[in-house]
Amino acid sequence: MRISEQAVFRWVVIVGVAAVSIIVLTLLTRPLFGALWGLVLVIVASVHGCRWIVRKRREF
Amino acid sequence: MESATVTLGHAEEHEHHGPPEAHQSSSIDRQTLGIFLFIVSEVMLFGAFFASYFFLRVVVSPESWPPEPYELPKAVAGINTAILVSSSFTVHYALESIRRGNRTGLKAGLVLTWMLGAAFLFIQINEYVHLGFSARDLGFGSIFYSLTGLHGAHVFVGLMLLSFATIRAFRGHFGPAAHDHLGVEVPGIYWHFVDVMWIIVFVTVYIL
């Protein structure tokens with residue numbers, strides 16, 4: 001596992017893109033849809049993070 | 001004494017092939033681990049504030065949010081967001097520059113990041129002055145100032161860290177090797193964290 005500024009910067013870009021999608025959806029529809037989409041993204045990110053942790057544990 | 005230790009550490013970095021040194025991980029250095037653990041604790045702090053925000057908004061909330069007649073300046077906050085996001089790119093540029101041995105790029109990146117951070121803070125203080133409500137006005141006012149103020153305090157701390165890194169850069173510190181620019185990398189990681197937190201605060205408080 002490498003924790004570096006480059007890895008964290010990648011997360012800034014990912015979170016930024018996710019935020020733009022929420023903002024666009026909210027402005028085009030209603031805040032409720034934006035909030036739901038945000039919730040979906042948080043769940044997807046959590047599942048992805050859990051799988052990554054399990055994979056890294058197996059490697060060690 | 002310290003310089004002797006640092007020199008020894010660099011020599012070992014190139015020659016050492018066995019297991020990692022005692023009390024030290026081979027995959028992460030102590031400084032980076034320290035800032036990572038600090039950020040984890042900060043995420044929990046922000047989590048508590050977000051929990052309060054959603055409790056007030058969803059459970060205690062009035063019909064509309066923000067409550068009438070209060071209004072949040074979305075456009076100004078949007079510009080402020082763009083400024084802070086840009087500063088993440090400039091700090092990344094500063095680090096990429098020093099990794100390639102470009103000291104001018106490092107200095108330019110750090111100065112630009114500092115200026116963008118200071119501009120963000122200035123605009124936020126200006127926003128507070130012109131908002132038309134205070135932290136005493138309902139739960140909405142309290143949680144708005146708490147959440148954005150907590151973030152503003154983090155920007156201030158980040159600016160202090162960047163000031164130290166910038167002064168050191170102008171005094172000729174830092175180099176291309178990984179261990180020679182930790183003094184920029186650690187504040188850089190912290191600055192990215194501050195940036196990510198603002199994106200979440202902006203979307204939650206101003207947009208949704």
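This is a predicted model: local features need pLDDT of at least 70, side-chain atom pairs count only at pLDDT 80 or more; totals for chains, interfaces and linings use all residues.
Where does B:Phe174 lie? Look in the loop between α5 and α6 of chain B. B:Phe174 has 22 other C-beta atoms within 10 Å, so it counts as buried.

## A cis peptide bond

Now check the step from B:Glu68 to B:Pro69. The peptide bond here is cis, and its omega is near 5°. B:Pro69 sits in the loop between α2 and α3 of chain B.

## Two helices side by side

Two packed helices are described by the angle between their axes and the distance between the axes. For α4 (residues 103-130) and α5 (residues 138-170) of chain B, the axes come within 9 Å and cross at roughly 155°. That angle is why α4(B) is roughly antiparallel to α5(B). The crossing of this pair is left-handed.

Which residues make the contact? On α4(B) they include B:Leu106, B:Trp114 and B:Phe120, while those on α5(B) include B:Val155, B:Phe156 and B:Leu162. Sorted by class, the contact of α4(B) with α5(B) has 14 nonpolar, 8 polar and 1 charged residues.

## Chain A on its own

Chain A has 2 helices and 0 strands. What radius of gyration does chain A have? The value is 15 Å, whereas a compact globule of 60 residues would have one near 10 Å. Along the principal axes, the C-alpha atoms of chain A fill a box of roughly 45 × 20 × 10 Å. Of its 60 residues, 17% count as buried.

## Where the chains touch

How many residues of chain B are in contact with chain A? There are 18, and they touch 18 residues of chain A. On the chain B side, the elements that give two or more residues are α2 (30-59), α3 (74-99) and α6 (182-207). The largest share comes from α6(B), with 9 residues. By class, this side of chain B has 10 nonpolar, 6 polar and 2 charged residues.

Notes:
Residues are numbered from 1 along each chain as its sequence is written. Chains are lettered from A and ligands numbered from 1 in the order in which they are written. Helices (H or I, at least four residues) and strands (E, at least two) are DSSP runs, numbered from the N terminus. The radius of gyration is taken over C-alpha atoms; the globule rule is 2.2 Å times the number of residues to the power 0.38. A residue is buried if 20 or more other C-beta atoms lie within 10 Å of its own, exposed if 12 or fewer, and partly exposed in between; C-beta atoms are placed from the backbone. Two residues are in contact if their C-beta atoms, placed from the backbone, lie within 7 Å. Ala, Val, Leu, Ile, Met, Phe, Trp, Tyr, Cys and Pro count as nonpolar, Asp, Glu, Lys and Arg as charged, and the others, Gly among them, as polar. Axes are lines fitted to C-alpha atoms, for helices over the stretch in contact, and angles run from 0 to 180 degrees between N-to-C directions. Angles under 35 degrees count as roughly parallel, over 145 as roughly antiparallel, 65 to 115 as roughly perpendicular and the rest as oblique. A crossing is left-handed if the near helix is turned anticlockwise from the far one by less than a right angle, and right-handed if clockwise.
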